[in-house]
Amino acid sequence: MQFHHHGYVSHDPRVLPAAGIGLDRPAELPDEMDVLIVGSGPAGMLLAAQMSQFPDVSTRIIEKRDGRLVLGQADGIQPRSVETFQAFGFAPRIIAEAYNIGWMNFWGPDPANPANIIRTSRTEDYGLKISEFPHLIVNQARVLDYFAEAALHGPGRIVPDYGVEFLGLTVHEEGEYPVEVRVNDHGTERTVRATYVAGCDGARSAVREAIGRKHVGSVSAHAWGVMDVLVNTDFPDWRTKCAINAEAGNILHIPREGGYLSRMYIDLGAVAEGDNHQVRSTSIEEIIAKANEILHPYALDVKEVAWHSVYEVGHRVTDGFDDALDGERHPRVFLTGDACHTHSAKAGQGMNVSMQDGFNLGWKLGHVLTGRAPAELLSTYAAERRPVAQQLIDFDREWSSLMARKPEEISDPQELATYYLATAEFPSGFMTQYEPSMIVDGSSRQELAIGFPLGRRFQSAEVTRVGDGNVVHLGHHATADGRWRVYAFADADASKLATWADAMGPVFARHTPQDGDVDAVFDVKAIYQQRFDEFQITDAPALFLPRTGPFGLTDWEKVYAAAPTVWCEDDIFAVRELSRDGVVVVVRPDQYVAAIHPLDAPDRLAAFLEGALLPA
């Protein structure tokens with residue numbers, strides 16, 4: 001990581017200097033604010049961490065609980081989420097405490113004795129097969145803790161306002177703070193006003209109800225018990241993720257962090273017509289007995305139940321993700337996470353997709369409120385995230401149906417394992433692809449960068465940093481600081497790159513505040529085709545050697561080399577199928593590829609940026 005460019009730092013460099021609102025943040029919830037976040041779940045806490053990078057924007061997050069979440073219900077962390085944690089600075093630490101899913105085993109009835117189960121297959125998990133990031137299990141409460149730390153350590157110094165409950169809101173047509181919000185602030189009902197409100201308040205969202213949005217979908221007639229347990233058992237795969245299909249029912253078994261705790265989803269069977277949710281009163285003793293019946297001939301001796309619940313599988317998507325019901329005005333209120341999509345827990349998607357909702361919305365709010373982009377940008381949130389939610393519901397419905405089948409309904413014992421691996425990229429979070437819009441350039445030249453699909457997240461690869469010869473992942477340098485990344489992949493002799501840099505310097509400057517660092521909005525990097533030791537870094541155009549901070553110190557970490565060395569065997573031009581004539585890949589602040597253009601067409605990139613951003 002980089003620091004010292006604003007002066008010598010002797011404390012933890014992850015704690016950024018306070019700025020803007022963070023210099024004198026009011027302890028009590030103020031009467032007026034730019035952004036009010038309702039709910040401190042995964043989407044809300046990520047959104048708070050992102051908004052803390054925009055300290056000139058007044059942001060508050062309210063939560064009706066009296067304090068931090070102690071026991072989270074979500075625990076599956078997909079590789080895309082770990083990639084996001086990397087951007088927020090805590091991936092290595094959370095990986096160290098999490099359970100890493102290396103394998104998934106499948107169990108079915110023993111043909112010789114169908115009352116018993118046997119292992120039918122052992123499959124490698126998909127995490128590290130399709131990404132440099134693993135597939136993890138870790139308590140949701142810890143994920144929220146890490147995002148809370150990022151929000152607190154950001155320049156905006158954001159902390160949740162606990163003990164404050166959302167009661168309702170009214171959106172007015174005019175005014176600097178047009179959203180009037182009623183809250184119960186530690187027992188006192190009061191009204192506050194905001195420019196924008198983000199409803200991150202869960203499946204029973206009061207914000208959703210307040211703006212007249214509806215959940216659309218249904219609850220299936222099938223119930224599952226779920227429990228986090230500490231046990232003694234003779235089941236040999238207790239510390240391996242398993243899908244178990246037996247005559248007595250089904251179990252999805254997921255070991256958890258810490259080496260002892262595990263979560264089990266236990267099939268309670270079809271729900272009788274007219275049950276009226278009575279199945280939800282199933283006791284923990286009945287759930288444990290059912291688990292033992294399914295696991296036969298193995299047995300569980302449960303020593304402690306940390307948490308348990310019973311739920312009926314529901315698949316719902318809200319009819320809109322913001323309050324622009326008629327489409328005639330820009331949205332003021334947004335819905336994220338479970339407030340706009342609910343589904344089963346067995347595909348491990350709830351927390352993961354919710355966090356991407358918050359990541360998508362956060363930088364857009366920051367851009368609009370700091371004058372970097374027009375208000376039209378906010379309409380792209382619903383346009384981009386609602387199709388993702390529908391795809392999630394469709395996938396989860398199919399996965400849940402497969403998980404709930406009886407043995408006699410399965411013709412191929414390997415079918416579930418095959419489906420699990422064949423669809424890996426979707427649950428990993430890597431299949432999301434945004435359609436052309438003001439921030440996804442439909443005129444892009446995809447054939448110049450085949451390995452960086454337009455509208456998908458930027459998939460990193462290793463390169464060599466020219467300044468010091470170290471091998472790094474190009475994408476890991478991109479933190480969640482609200483900046484755009486521009487990767488200029490050079491032509492063979494770098495002549496086009498030099499011309500491009502001269503042309504684009506003034507374009508980037510046009511969108512950069514005069515009182516900010518030269519790279520405050522655009523982090524521009526060059527990747528040469530040569531080895532790192534075949535040219536001098538000082539020969540790179542000045543655009544890639546910016547002088548930043550109050551001392552005007554040269555940034556030596558924006559020039560990279562692609563040719564293989566003893567430490568880096570891959571060539572990013574070959575790995576990502578990049579044109580040897582050179583290509584520019586522009587990446588949004590939420591890590592999605594926004595534009596792809598040749599080096600000899602800087603005017604096209606300039607036109608795209610003019611449509612996406614405002615002059616500083």
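Where is the place of Phe54? Phe54 sits in the loop between helix H1 (42–51) and strand E2 (59–63), where helices (H or I, at least four residues) and strands (E, at least two) are DSSP runs numbered from the N terminus. The structure is a predicted model, in which local features need pLDDT of at least 70, side-chain atom pairs count only at pLDDT 80 or more, and totals for chains, interfaces and linings use all residues. Residues are numbered from 1 along each chain as its sequence is written, and side-chain values use heavy atoms, with hydrogens and water left out.

Phe54 counts as buried, at 2% relative accessibility; buried means under 20% relative accessible area, exposed over 50%, and partly exposed in between (1.4 Å probe, protein chains only). Leaving aside neighbours within four places in sequence, Phe54 is in contact with Gly362, Trp363, Gly366, His367, Thr370, Arg372 and Gly482, contact meaning heavy atoms within 4.5 Å.

Turning to the chain as a whole, the protein chain holds 14 helices and 27 strands. The radius of gyration is 25 Å, close to the 25 Å that the globule rule gives for 616 residues, so the chain is as compact as a globular protein of that length. Here the radius of gyration is taken over C-alpha atoms, and the globule rule is 2.2 Å times the number of residues to the power 0.38. The C-alpha trace spans about 75 × 60 × 50 Å along its principal axes. Of the 616 residues, 57% count as buried. Among contacts between residues at least 6 apart in sequence, 73% join residues at least 24 apart.

The accessible surface of the protein chain comes to about 24700 Å², and 50% of this belongs to carbon and sulfur atoms; the areas come from the Shrake-Rupley method with a 1.4 Å probe, and for residues only the protein chains shown count as cover. The chain carries 54 positive and 86 negative charges, whose mean positions are 1 Å apart. In this count Lys and Arg are positive and Asp and Glu negative, while His and the chain ends are not counted. The place of a charge is taken as NZ of Lys, CZ of Arg, CG of Asp or CD of Glu.

Next comes the interior. In soluble globular proteins, nonpolar side chains tend to be buried together. A nonpolar core is a set of buried Ala, Val, Leu, Ile, Met, Phe, Trp, Tyr and Cys residues joined through side-chain atoms within 4.5 Å. The largest such core has 109 residues, of which Phe147, Trp484, Leu497 and Trp500 touch the most other members. A second, separate core of 27 residues includes Val440, Ala449, Leu474 and Tyr487. Beyond its neighbours within four places in sequence, Trp500 is in contact with residues including Val486, Phe508, Leu543, Val584 and Leu605.

Helix H2 (residues 79–88) is largely enclosed by the rest of the structure, because 9 of its 10 residues are buried. Among them are Arg80, Glu83, Phe85 and Phe88. H2 is followed by Gly89, which has a positive phi near 90°. Phe85 and Tyr146 are 61 residues apart in sequence and 8.9 Å apart in space, C-alpha to C-alpha. Tyr146 belongs to helix H5 and is buried, with a relative accessible area of 7%. Not counting residues up to four places away in sequence, Tyr146 touches Phe90, Arg93, Ile94 and Glu97.

Ser262 lies in strand E15 (residues 262–270) and has a relative accessible area of 0%. Its contacts, neighbours within four places in sequence aside, include Asp228, Trp238, Arg239 and His253. Thr195, in strand E11 (residues 188–199), is buried at 7% relative accessibility.

The peptide bond from His296 to Pro297 is cis, with omega near 15°, and Pro297 lies in the loop between helix H7 (284–295) and strand E16 (300–318). Arg157, not a glycine, has a positive phi of about 50°. Gln591 likewise has a positive phi, near 80°, in the loop between strand E26 (583–587) and strand E27 (593–597); Gln591 counts as buried at 10% relative accessibility.
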